Amino acid sequence: MTVMPPSLLGQDWLDQMFRSKSAATGGVVRRRVADVHREIGRAALELEVRRRGWHMLQCGPHYVVLCSPAPFSVIC
């Protein structure tokens with residue numbers, strides 16, 4: 001499967017997401033799955049998260065991005 005780069009507007013959306021204070025300080029960013037699919041697509045988000053060395057989870061109707069390359073554990 002070929003991953004197409006996000007459109008210019010999609011790239012703006014992605015840039016805004018990762019310019020947030022939470023992302024800049026190694027926190028957590030959450031976006032609704034439907035919003036991601038409408039704006040840029042899951043593959044583009046996953047590609048950017050991988051490029052940054054971060055982690056991405058899907059929890060119900062949200063993608064959760066852990067804006068840090070540090071290991072994490074699921075407690076329960």
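I began with helix 4, where Glu 46 and Arg 42 both lie, 4 residues apart, about one turn of the helix. The model I am reading is a predicted one. I checked the side chains of Glu 46 and Arg 42 and found that they meet in a salt bridge, 3.5 Å from N to O.

I then looked at the exposure of this pair. Glu 46 counts as partly exposed at 23% relative accessibility. Arg 42 is partly exposed too, with a relative accessible area of 40%.

Next I followed Glu 46 to Arg 50. Their side chains also meet in a salt bridge, 3.0 Å from N to O. Arg 50 and Glu 46 are 4 residues apart in helix 4, so about one helical turn separates them. I noted Arg 50 as exposed, with a relative accessible area of 60%.

I looked up another network: salt bridges that share partners join Asp 35, Arg 38 and Glu 39. Within it, the closest N and O atoms of Glu 39 and Arg 38 are 3.5 Å apart. Arg 38 is exposed at 57% relative accessible area, while Glu 39 is partly exposed at 30%. For the structure I recorded 6 salt bridges.

I turned to the largest nonpolar core, which has 16 residues. Those with the most contacts inside it are Met 17, Phe 18, Ile 40, Leu 45, Trp 54 and Val 65. Helix 1 (8-18), helix 3 (33-39), helix 4 (42-52) and strand 3 (62-66) each supply at least two residues of this core. Helix 1 gives the most, with 4 residues.

Last, I listed the contacts of Met 17, leaving aside neighbours within four places in sequence: Ala 23, Val 29, Arg 31, Leu 45 and Val 65.

Key
Residues are numbered from 1 along each chain as its sequence is written. This is a predicted model: local features need pLDDT of at least 70, side-chain atom pairs count only at pLDDT 80 or more; totals for chains, interfaces and linings use all residues. Side-chain values use heavy atoms; hydrogens and water are left out. A nonpolar core is a set of buried Ala, Val, Leu, Ile, Met, Phe, Trp, Tyr and Cys residues joined through side-chain atoms within 4.5 Å. Buried means under 20% relative accessible area, exposed over 50%, partly exposed in between (1.4 Å probe, protein chains only). Contact means heavy atoms within 4.5 Å. A salt bridge is a side-chain nitrogen of Lys or Arg within 4 Å of a carboxyl oxygen of Asp or Glu.
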